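Below is a short report on a protein model, written for reading next to its sequence and coordinates.

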Amino acid sequence: MTEHIDSIRTYALVLLALLVLTAVTTLVAFVDLGEFSVVVALAIAVCKMLLVALFFMHVRHSTKLTKLVLLGGLLWLVILLMLTLSDFTTRGWIGVPGR
Amino acid sequence: MASTLQEQFDTEAQQKDASTLGMWIFLITEVMFFGGMFTAYTVYRRAYSDAFAVASSSLNVTIGAINTAVLLVSSFTMVMAVRAAQLGQRRTLILFLVATLIFGGIFLGVKAYEWNEKFEQHHVPGPSFHLEGVPQQSHAQLFFSLYFAMTGLHALHMVIGVGIISWLIWLARQGRFTAEYNTPVDIAGLYWHFVDIIWIFLFPLLYLIDRHLPK
């Protein structure tokens with residue numbers, strides 16, 4: 001079987017990066033970045049997600065089919081968020097007669 | 001040892017790929033399940049951002065950050081268990097599975113402590129709910145409803161994960177996993193890391209909203 005086995009060093013470095021990012025996201029929350037607070041927090045969360053998925057969940061060694069299924073799944077999540085928010089953010093842009 | 005290859009598969013590798021793909025498809029249904037709650041959270045945070053900021057700041061950020069670290073370490077011990085299984089090291093596998101179980105238990109214990117604190121401070125949605133500094137109590141209740149729903153479902157997933165890992169330890173002790181066959185450990189690892197990823201998003205979204213604002 002062609003199984004990739006990563007070194008302990010790789011996993012330890014990923015853990016270190018995850019812990020550092022946790023500290024960063026906690027500390028940066030106390031800095032006034034205005035609207036960008038959310039952006040920074042989510043950007044760090046996405047980085048952490050990628051580290052866990054690519055290394056701990058072995059996505060970088062997984063089959064093309066698994067990667068495709070994963071991207072397809074994330075696409076549905078984007079549809080869920082985008083369509084719902086496109087409704088809620090645009091309500092009130094135009095007046096509705098009788099309301 | 002009897003062959004672990006089921007008759008519908010040609011090779012062990014094909015069998016393992018099928019199991020992995022099946023697990024990922026299950027995890028995607030879980031992404032959509034939690035996605036619904038994250039969407040609800042986003043909609044209400046946008047609508048009641050002031051109340052959400054005050055309510056979020058009432059959570060204990062130190063405990064939240066430490067618990068995040070505990071969960072990340074448990075993911076590390078889980079991936080080390082998977083590695084030990086791939087190398088066919090039974091003793092190391094059991095050791096790391098037990099470590100994962102302990103860290104998972106610590107996370108749940110801290111969570112229970114936090115919830116208990118909410119009950120004592122009347123931060124649980126209901127008739128006796130009260131949060132200082134919020135003009136519209138119902139908006140703050142909405143935050144805590146989402147808080148309990150999201151952390152509660154996450155904790156439920158953790159409890160299931162703890163059960164799965166206990167079962168794996170039992171199987172590993174019987175010597176059921178080898179370098180050639182360790183799919184259950186691998187699949188359980190995917191589940192455990194997925195639950196970790198959910199928390200990676202829950203932590204900043206629930207604990208870190210507008211912390212910089214003066215109280």
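The text takes the two chains in turn and then lists their values in a table.

This is a predicted model, and the values given here are computed from it.

**Chain A**

Chain A contains 3 helices and 0 strands, and along the sequence these give the pattern α-α-α. Its radius of gyration is 20 Å, while the globule rule gives 13 Å for 99 residues; chain A is therefore more spread out than a compact globule. Along the principal axes, its C-alpha atoms fill a box of roughly 70 × 40 × 10 Å.

Two domains are assigned in chain A: domain 1 covers residues 1-57, and domain 2 covers residues 63-90. Taken over C-alpha atoms, the centres of domain 1 and domain 2 of chain A are separated by 21 Å.

Of the 99 residues in chain A, 27% count as buried. The accessible surface of this chain is about 6500 Å², and carbon and sulfur atoms account for 75% of that area. When contacts in chain A between residues at least 6 apart in sequence are considered, 66% of them join residues at least 24 apart. As for charge, chain A carries 7 positive and 5 negative side chains. The centres of these two sets lie 7 Å apart.

**Chain B**

Chain B is also described by its helices: there are 6 of them, with 0 strands. Read along the sequence, the chain B pattern is α-α-α-α-α-α. The C-alpha trace of chain B spans about 70 × 30 × 30 Å along its principal axes.

Chain B has 215 residues, and 53% of them are buried. Its accessible surface comes to about 9300 Å², with 63% belonging to carbon and sulfur atoms. Among chain B contacts between residues at least 6 apart in sequence, 80% link residues at least 24 apart.

**Values by chain**

| Item | Value |
|---|---|
| Buried residues, chain A | 27% of 99 residues |
| Buried residues, chain B | 53% of 215 residues |
| Accessible surface, chain A | about 6500 Å² |
| Accessible surface, chain B | about 9300 Å² |
| Distance between charge centres, chain A | 7 Å |

Note on methods. Residues are numbered from 1 along each chain as its sequence is written. Chains are lettered from A and ligands numbered from 1 in the order in which they are written. Side-chain values use heavy atoms; hydrogens and water are left out. Helices (H or I, at least four residues) and strands (E, at least two) are DSSP runs, numbered from the N terminus. The radius of gyration is taken over C-alpha atoms; the globule rule is 2.2 Å times the number of residues to the power 0.38. Buried means under 20% relative accessible area, exposed over 50%, partly exposed in between (1.4 Å probe, protein chains only). Contact means heavy atoms within 4.5 Å. Accessible areas come from the Shrake-Rupley method with a 1.4 Å probe; for residues, only the protein chains shown count as cover. Lys and Arg count as positive and Asp and Glu as negative; His and the chain ends are not counted. The place of a charge is taken as NZ of Lys, CZ of Arg, CG of Asp or CD of Glu. Domain bounds come from an automatic or database domain assignment.
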